[in-house]
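Keep it short and state the cut-offs.

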Amino acid sequence: MLIIDRIEGDFAVIECGNNTFTLPVSELPEGAVEGDCLMLCKNGEQTDERKKQMESLFKKITQKDTYYEQQKN
């Protein structure tokens with residue numbers, strides 16, 4: 001469970017078990033305040049888009065490596 005412990009300026013201090021971390025207040029759900037419990041959920045659409053971006057970047061990187069290796073020979 002995630003709990004908004006406090007708001008410090010533009011950041012929210014979030015408790016998760018015995019750990020804390022900060023998030024920009026702009027990333028909190030609208031209307032969230034100190035003491036509120038938050039849930040994380042998976043966003044399959046954004047996950048798929050990110051995977052596509054990473055695959056594209058990986059292809060670009062490996063193609064460049066192949067190009068440079070060919071130029072050496």
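The points below go from the whole chain to single residues.

This is a predicted model, in which local features need pLDDT of at least 70, side-chain atom pairs count only at pLDDT 80 or more, and totals for chains, interfaces and linings use all residues. Residues are numbered from 1 along each chain as its sequence is written, and side-chain values use heavy atoms, with hydrogens and water left out.

**Confidence**
- Mean pLDDT (the predictor's confidence in each residue, from 0 to 100) is 90 for the protein, and 86% of its residues reach 70 or more.
- Where pLDDT is low, predicted coordinates should not be read in detail.

**Fold**
- The protein has four strands and one helix; strands (E, at least two residues) and helices (H or I, at least four) are DSSP runs, numbered from the N terminus.
- The order from the N terminus is β-β-β-β-α.
- Of the 73 residues, 10% are buried (buried is under 20% relative accessible area, exposed over 50%, partly exposed in between; 1.4 Å probe, protein chains only).
- Contact means heavy atoms within 4.5 Å. Among contacts between residues at least 6 apart in sequence, 32% join residues at least 24 apart.

**Core**
- Leu 2, Ile 4, Ala 12, Ile 14, Leu 28 and Leu 38 form the largest nonpolar core (a set of buried Ala, Val, Leu, Ile, Met, Phe, Trp, Tyr and Cys residues joined through side-chain atoms within 4.5 Å).
- β1 (2-8) and β2 (11-16) are the elements that give two or more residues to this core.
- Beyond its neighbours within four places in sequence, Leu 2 has contacts that include Ile 14, Phe 21, Leu 38 and Leu 40.

**Largest pocket**
- The largest pocket holds about 290 Å³ of space. A pocket is an open set of points on a 1 Å grid over the protein atoms alone, where a 1.4 Å probe fits, with protein on both sides within 12 Å along at least five of seven lines; lining residues have an atom within 4 Å of a point.
- Its lining includes Leu 2, Phe 21, Glu 27, Leu 28 and Leu 38.

**Single residues**
- Ile 7 sits in strand β1 and is partly exposed, at 31% relative accessibility.
- Leaving aside neighbours within four places in sequence, Ile 7 contacts Ala 12, Val 25, Leu 28 and Glu 34.
- Ile 7 and Val 33 lie 26 residues apart in sequence and 8.0 Å apart in space, C-alpha to C-alpha.
- Ser 26 is in the loop between β3 (19-24) and β4 (37-38). Ser 26 is exposed, with a relative accessible area of 65%.

Definitions and conventions: Points joined across faces, edges and corners; volume = space filled by probe spheres on them.
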